[in-house]
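Here is a friendly walk through one protein chain, written with the model open beside the text.

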Amino acid sequence: MDDIIHFIKANKRFAVTSHSRPDGDAIGSSLGLALALEELGKTAHVFNADPHPHRYDFLPEVETIRVTNRVEGDYDGLFVLECNDLDRPQLANLEHYRVVNIDHHPNTNSFGHFNWVDSTAAAVGEMIYYLIKGLSVPLTPAIATNLYVAIMTDTGSFQFSNTHAQTFQIVGDLANSGANPSAIAQSVYMNQPQARIRLLGLLLDTLKLHSQEQIATIFLTQDMLNTTGANINDVEGIVTYALSVEGVLLAAFLREEESARYRISLRSKDHYDVGALAETLGGGGHRNAAGLRLEGTFDEVSGRVVGELEKLLR
Ligand SMILES: [Mn+2]
């Protein structure tokens, strides 16, 4: 982190990006960092390959994010947040910049000129918090709100196993600095597009239990999106419903991306390591939350996923 602080102080113009299809941590961390750089008198522009989900419309400065497929411009450095490699942002031209890689995934490649990876951090938002403290930038309400959302969403509202005592010290400081926990929770969770709730109804109808009801699966077809008018952003977090069933230890959400190609989200309770499992199948993630892609018919893919999860149970 000290090298990154020196690099920031010695330079003037920065670009900030994170992974495509950004989640709360990607967006909140990017904006929090960019706002802090501006507090220091630097120029900072945020780029992303995809628009932010509607529920983050209220985030301070979210309208300044440049949605593009390429980063152009004269920047002294490019921050890449929450990515395990330089392809994750899905943006062209990144290799032409001096890259600062900040991530909390356990299997991140050292793709940057600077690489700061802390797999104990609950969210990249926590790392940005420490970076801002290290830079002695005051936490404005706008910075505090963005970082609070990053940490709140990545910890499942402080419920996941990545939540640690330090998390509460950080969000306590953010609340003292102008982040409003109840207003933020209401904006993020009580502000859902009708289409998402209707899609949720269809998805819950697909719930199946396997292996003495310890494994739950749900699946999504393109048809369900078309019927409800929901979009892919409306799907974030839905796998949690499958894991929330009493007695279920492992959950999988299969999403048809195109014919015979599925994106699979895995979730687990306790010590079951779906991150390691996803990695053996070409994906990645954390112990309790991971993802991968598989090709085949629905029956082939779901059979394989359930089979692998059964092995994990034993
Ligand atoms: Mn994250």
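## A helix across a sheet

Let's begin with helix H11 (residues 298-313), which lies across strands E7, E8 (215-220), E9, E10 and E12 (289-295) and runs at about 155° to E9. Keep in mind that this is a predicted model.

The sheet that holds these strands is an open one of six, in the order E7-E8-E9-E10-E12-E11, and its pairing is mixed. Strand E7 (208-210) and strand E11 (284-285) are at the edges with a single partner strand each, so one side of each has no neighbour in the sheet. Further in, strand E9 (residues 250-258) and strand E10 (residues 261-268) run antiparallel and are joined by eight bridges.

## The chain as a whole

Stepping back, the chain has eleven helices and twelve strands. Its radius of gyration is 19 Å, close to the 20 Å that the globule rule gives for 314 residues, so the chain is as compact as a globular protein of that length. Along the principal axes, the C-alpha atoms fill a box of roughly 55 × 40 × 40 Å.

Of the 314 residues, 43% count as buried. If you take the contacts between residues at least 6 apart in sequence, 62% of them join residues at least 24 apart.

Now turn to strand E4 (residues 77-81), where five of five residues are buried. Gly77, Phe79 and Leu81 point one way from E4, while Leu78 and Val80 point the other way, and all are buried. In a regular strand, side chains alternate between the two faces of the sheet.

E4 pairs in the parallel sense with strand E1 (residues 13-18) over five bridges, and alanine 15 stands opposite leucine 78 in E4. The pairing of E4 with strand E5 (residues 99-103) is also parallel, over four bridges. There, phenylalanine 79 stands opposite valine 100 in E5.

## Two nonpolar cores

Which residues touch the most other members of the largest nonpolar core? They are Val16, Leu78, Phe79, Leu147, Tyr148 and Ile151, out of 57 residues in that core. Helix H4 (residues 141-154) gives the most to this core, with nine residues.

Phenylalanine 79 deserves a click of its own: leaving aside neighbours within four places in sequence, phenylalanine 79 is in contact with Phe14, Val16, Leu33, Val100 and Ile102. A second, separate core has 30 residues, including Ile218, Val239, Ala242 and Phe253.

## Helix H2

At 1.5 Å a residue, its 16 residues should span 22 Å, and the end C-alpha atoms are 22 Å apart, which agrees. H2 is mostly covered, with 14 of its 16 residues buried. Just after H2, glycine 41 takes a positive phi of about 90°.

## A loop residue

Is asparagine 180 buried, exposed or partly exposed? With 15 other C-beta atoms within 10 Å, asparagine 180 is partly exposed, because a residue needs 20 or more to count as buried and 12 or fewer to count as exposed. Asparagine 180 lies in the loop between helix H5 (165-176) and helix H6 (181-189).

Key
Residues are numbered from 1 along each chain as its sequence is written. This is a predicted model: local features need pLDDT of at least 70, side-chain atom pairs count only at pLDDT 80 or more; totals for chains, interfaces and linings use all residues. Helices (H or I, at least four residues) and strands (E, at least two) are DSSP runs, numbered from the N terminus. The expected span of a helix is 1.5 Å times one less than its number of residues. A nonpolar core is a set of buried Ala, Val, Leu, Ile, Met, Phe, Trp, Tyr and Cys residues joined through C-beta atoms within 7 Å. Two residues are in contact if their C-beta atoms, placed from the backbone, lie within 7 Å. The radius of gyration is taken over C-alpha atoms; the globule rule is 2.2 Å times the number of residues to the power 0.38. Two strands pair if DSSP finds at least two bridges between them. Axes are lines fitted to C-alpha atoms, for helices over the stretch in contact, and angles run from 0 to 180 degrees between N-to-C directions.
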